[in-house]
Amino acid sequence: MFTTRPEILGTFGVVTSTHWLASASGMAMLERGGNAFDAAVATGFVLQVVEPHLVGPSGEVPAVFYSAKTGKVEVLCGQGTAPKGATIEHYKNEGLTLIPGNGLLATVIPGAFDAWMLLLRDHGTLSLRDVLEPAIYYADQGHPLLPRVANTIKDLKEFFETEWLTSAAVYLPGGEAPKPRQLFRNPQLAETWRRILREAEAKSGNREAQIEAARNAFYRGFVAEAIDDFVRKTEAMDQSGSRHRGVLTGDDMASWSASYDAPQTYEYHNFRVNKIRPWGQGPVFLQTLALLKGFDLASMGPTSAEFIHTVTESMKLAFADREAYYGDPDFVKVPIETLLSDAYSDERRKLITDKASLELRPGRIDGYELQVERTLKALRELSTTDRKVSGGEPTLASMRSARRGDTVHIDVVDRHGNMIAAMPSGGWLQSSPVIPELGFMLNSRAQMFWLEPGLPASLEPGKRPRTTLTPTLAEKDGEPYMVFGSPGGDQQEQWQLLLFLRHAHHGLNLQESIDLPMSHTAHFPSSFYPREQKPGHLMAEETFGEEVLDDLRSRGHDVEVAPAWTVGRLVAASRDKDGLLHGAATPRLMQAYAIGR
């Protein structure tokens, strides 16, 4: 079939990400002799510069990776936790019923920097300077501003000028919104990274010691001090319509560090799929696979109404369970073994008919009845129901408020067999005011907590928010095989699943699977403020064709037709048993790129 670009093939290495400059920077690390983990770190830092509306230095990053040296698949947990002062009582005393989607109260401890440093220290080979140099270069010398970044800044110009003056100083150079594709610089951010480097290199010539010194500079040194001072002294306007001070402190940062975690896995035919555990939405993908095991997907066309209907209805059930059961396993008991069991899935599968469901239907598990009822009650009272669909992918400015951020993605596979899928996010330019001494903003991931007690995702100090960030690593026939992912908030699992199923069941290559028409549903409550849900909704690209779209309507779906090439931001990479590497990236938004040789 025709594809918009070739599936990249090679044997040396493949880097895919949501921006061509980031992919090129990661490939430069491989050419320098680094491995997949060095490449991922460099790519991640460049994305903080070139996609500031989607990710920043104070954000978070979960990753799932395979190390050829250890022979293990592991998860890198770069998701920061709620500060000590982040209590339900405090937020309700501030007059809130939902945590705003931006502002200082939406902030958790920044997790990405420590996670990247941990990965570099333990699994990389290059120096701190090597992996930071590309990001410093683009921040200092400038990069061509993406049209979507320029449009986001333009839409926020008045708000920055009246409320977030420190953001105006960075993103409105000369008092004007920058134009698309003009060179844009952030010299203060470049200087922050240079200072971290100076302090790190002054400590020791030892690579590991320098990385540790960089971690210390960020979490216990000048970066943490600047964050602590800014949060204490600043009242920032947020989406609640009021100004609030944050609760994040330097002590919070000093007491936290990134960590490694075991993946949540599921056996699906000849694949073993590795996701993050239910402190994120990763198991939704696995639960959906458990439901889809009972259908003959290979007999359905990869763009047929039957295929899209079956996948969508399965997803609705899995996402309903996300709402009722998922939360940080360090704080709540998640019945994940039951949720992924054959017996549970067999019963749930009976709910899928030839008609679209308009209900939110979590499963009922013994011992969790009260929790499920509390969840449904909170959703009835706090989540808005809107049948007039106004949203799609958060990065589409025409479909979402400019104040809404999103995510980026990185996949790398090297010649040694190392592979990693990473989903950096948070710290968007629209999340909170810029900290002047640092040149970057804080994150807004705390908006995924609830302020109602007794829910699995209720706010508690030290707890991880139930994030939407969800990278994927699939093993095939017992061997590490494929890494993939997509930005898109609640849509991440949905677009990734279409890619995986089309590749696994229909034999399409990575690029073919990505280029086919995409769809998703917003049937269940959004993870983002103000938590809207759209019962029966199904967004589908017009390239499915009228016959398929009409068929979906006849099944009861509230179909919203999206323009061609507007849904999803998938990238993927894989490695065959003989060492042949594959890479692919979506043409949608015209910025993601796969590079390899």
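Colleague: Let's start with Thr16: buried or exposed?
Modeller: Thr16 is buried, since its relative accessible area is 0%. Bear in mind that we are looking at a predicted model.

Colleague: Where is Thr16 found?
Modeller: Thr16 is part of strand S2, which covers residues 13-17.

Colleague: And what does Thr16 touch, not counting residues up to four places away in sequence?
Modeller: The list for Thr16 includes Ser23, His409, Ile410 and Asp411. Val571, Ala572, Ala573, Gly583, Ala584, Tyr593 and Ala594 are also touched by Thr16.

Colleague: Good to know. Switching to helices: how do H4 and H9 pack?
Modeller: Helix H4 (residues 112-123) meets H9 at an angle of about 175°, and their axes are 10 Å apart. The two helices are therefore roughly antiparallel.

Colleague: Which residues make that contact?
Modeller: From H4 there are Ala112, Phe113, Asp114, Met117, Leu118, Leu120 and Arg121. H9 brings in Arg207, Glu208, Ile211, Glu212, Ala214, Arg215, Phe218 and Tyr219. By class, the contact of H4 with H9 has nine nonpolar, six charged and no polar residues.

Colleague: What about H9 and H10, at what angle do their axes cross?
Modeller: Roughly 15°, with the axes of H9 (residues 207-219) and H10 (residues 222-233) coming within 3 Å. That makes H9 roughly parallel to H10. On the H9 side the contact is made by Ala217, Phe218 and Tyr219, and on the H10 side by Phe222, Val223 and Ala224.

Colleague: How do those residues divide by class?
Modeller: In the contact of H9 with H10, six are nonpolar, none polar and none charged.

Colleague: Nice. Now Lys316, buried or exposed?
Modeller: Lys316 is buried, at 4% relative accessible area. Its place is in helix H13, residues 305-325.

Colleague: Which side chain has a polar contact with the side chain of Lys316?
Modeller: That is Glu313, and the contact is 2.8 Å. Leaving aside neighbours within four places in sequence, Lys316 is in contact with Ala356, Ser357, Thr521, His523, Gly536 and His557.

Colleague: And Leu132, what does that one touch, not counting residues up to four places away?
Modeller: Leu132 touches Phe45 and Leu197 on that count. Leu132 is found in helix H5 (residues 128-141) and counts as buried, with 0% relative accessibility.

Colleague: Last topic, the backbone. Which residues does a cis peptide bond join?
Modeller: Tyr529 and Pro530, with omega at about 5°. Pro530 sits in the loop between strand S16 (519-520) and strand S17 (537-541).

Colleague: What is phi of Asp477?
Modeller: Phi of Asp477 is near 55°, a positive value in a residue other than glycine. Asp477 is in the loop between strands S14 (472-476) and S15 (479-485), and its 45% relative accessibility makes it partly exposed.

Colleague: And what is phi of Trp565?
Modeller: About 60°, positive although Trp565 is not a glycine. Trp565 lies in the loop between strands S18 (558-562) and S19 (571-575) and counts as partly exposed, at 38% relative accessibility.

Note on methods: Residues numbered from 1 in each chain as written. Predicted model: local features only at pLDDT ≥ 70, side-chain atom pairs only at ≥ 80, totals over all residues. Heavy atoms only, no water. Helix = DSSP H or I, 4+ residues; strand = E, 2+ residues; numbered from the N terminus. Buried < 20%, exposed > 50% of the residue type's maximum accessible area, 1.4 Å probe, protein only. Polar contact = N/O pair within 3.5 Å; in protein donor to acceptor, adjacent residues only side chain to side chain. Contact = heavy atoms within 4.5 Å. Axes fitted to C-alpha atoms, helices over the stretch in contact; angles between N-to-C directions. Parallel < 35°, antiparallel > 145°, perpendicular 65-115°, else oblique. Nonpolar A, V, L, I, M, F, W, Y, C, P; charged D, E, K, R; others polar.
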